[in-house]
Amino acid sequence: MKGECKMAQYRYVDIERLKAKYADVFSIGEEIVIQVKLDGANASFTYNPDTDKIEAFSRRQKLSESNTLRGFYDLIMKLDKDLIKNLTQNGRYIIFGEYLVPHTIHYGEEMYNKFYMFDVYDTEIHQYLPYNQAYTIYGELVLDAHIFGLADKFNFVPVIYEGSFEGWEKTMEYLKVHKTSAEIEEGIVIKSQDRLDNKFSGTPAYLKIVNEQFSEVHDSKPKKIVSPEELAAREAEKQLIESIVTERRIEKFLEKMVDEGLIPEVYDEHQLGLIMKTIPKQIYEDCMKEESETVEKCKNFGKICGSLVRQYVLKKLQ
């Protein structure tokens with residue numbers, strides 16, 4: 001029936017915890033943003049051009065008058081439809097954030113029943129916008145909300161750091177930074193700004209680190225936080241592997257696949273599976289012939305080699 005078209009719900013990405021296997025996900029110098037991880041309810045909203053209405057969502061459901069996510073729906077419905085239509089580019093953008101209501105971590109009362117924006121998803125190019133673009137949209141949202149006396153109800157999740165990735169030892173220090181009224185922050189979220197078009201990478205562009213004290217309180221089986229020493233060892237291993245799994249070496253085997261007619265000269269993501277089945281194994285064999293001492297020092301050679309090959313190929317496809 002006209003006016004009742006159901007809009008597809010876009011769920012926010014599942015952000016994995018930092019584990020040893022992800023120690024090499026971020027490269028030194030890669031542009032990142034680190035945000036506080038708030039302990040609230042994941043929420044989103046946009047404009048639906050099919051119904052000409054604002055629509056709001058929890059993590060798993062479309063919200064309504066009978067299911068408000070403890071007031072989030074009511075807050076969003078106070079905004080002007082035409083302003084949100086413009087803000088979201090006629091529904092192209094989904095605005096994600098945390099609606100802060102009492103959970104495990106206790107914040108000051110002044111923080112509750114407010115929306116803390118942290119990302120904007122572009123449904124046309126199927127990726128999240130860079131932080132600076134998302135923050136610009138947040139500024140416009142606050143101006144719109146101000147018209148209705150709601151500016152104080154919309155905030156941006158506190159940003160702890162914006163700049164180049166400097167290694168895990170430095171990153172772990174940001175767990176100690178205090179940005180809210182809570183006695184302890186839940187943790188931090190690290191977001192790559194260089195790999196937002198990360199669809200075929202197989203490696204996460206976002207990772208989270210949860211404070212150990214929070215994990216002990218929140219989980220019946222708290223997850224062990226990876227030690228800085230373990231991460232540093234993994235980073236050093238990656239740097240050693242990068243010294244022999246060079247772009248030139250990867251390119252040599254790509255050229256060989258083209259010469260043998262396995263992939264076209266102008267290849268795309270459709271050939272990525274075949275490339276990843278072929279080249280890492282060939283590079284391993286080549287390095288064992290020419291750089292066996294280095295290979296034998298690296299217990300994670302296969303995984304890191306594969307990651308480097310994938311990163312290089314995806315960079316060429318951009």
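## Aromatic pairs

Rings of Phe, Tyr and Trp (its six-membered ring) pair if their centres lie within 6.5 Å; planes under 30 degrees apart are stacked, over 60 edge-to-face, and the rest tilted. A cluster joined by such ring pairs holds Y10, Y12, F96, F118, Y121, Y128 and Y206.

## Basis of the model

The model is predicted: local features need pLDDT of at least 70, side-chain atom pairs count only at pLDDT 80 or more, and totals for chains, interfaces and linings use all residues. Residues are numbered from 1 along each chain as its sequence is written, and side-chain values use heavy atoms, with hydrogens and water left out.

Y12 sits in the segment before β1 and F96 in strand β5 (residues 93-100), 84 residues apart. Helices (H or I, at least four residues) and strands (E, at least two) are DSSP runs, numbered from the N terminus. Y12 and F96 are both buried, meaning under 20% relative accessible area with a 1.4 Å probe, protein chains only.

Y138 and F156 have ring centres 5.5 Å apart and planes at 65°, so they pair edge-to-face. Y138 belongs to helix α3 (residues 131-147) and F156 to strand β8 (residues 154-156), so the pair ties together parts 18 residues apart in sequence. Both Y138 and F156 are buried.

## The sheet

An open sheet of five strands runs β1-β11-β10-β2-β9, with mixed pairing. Two strands pair if DSSP finds at least two bridges between them. β1 (16-17) and β9 (159-164) are at the edges with a single partner strand each, so one side of each lacks a neighbour in the sheet.

β1 pairs with β11 (residues 206-210) in the parallel sense, over two bridges. Here E16 is opposite L207 of β11.

Conventions. Buried < 20%, exposed > 50% of the residue type's maximum accessible area, 1.4 Å probe, protein only.
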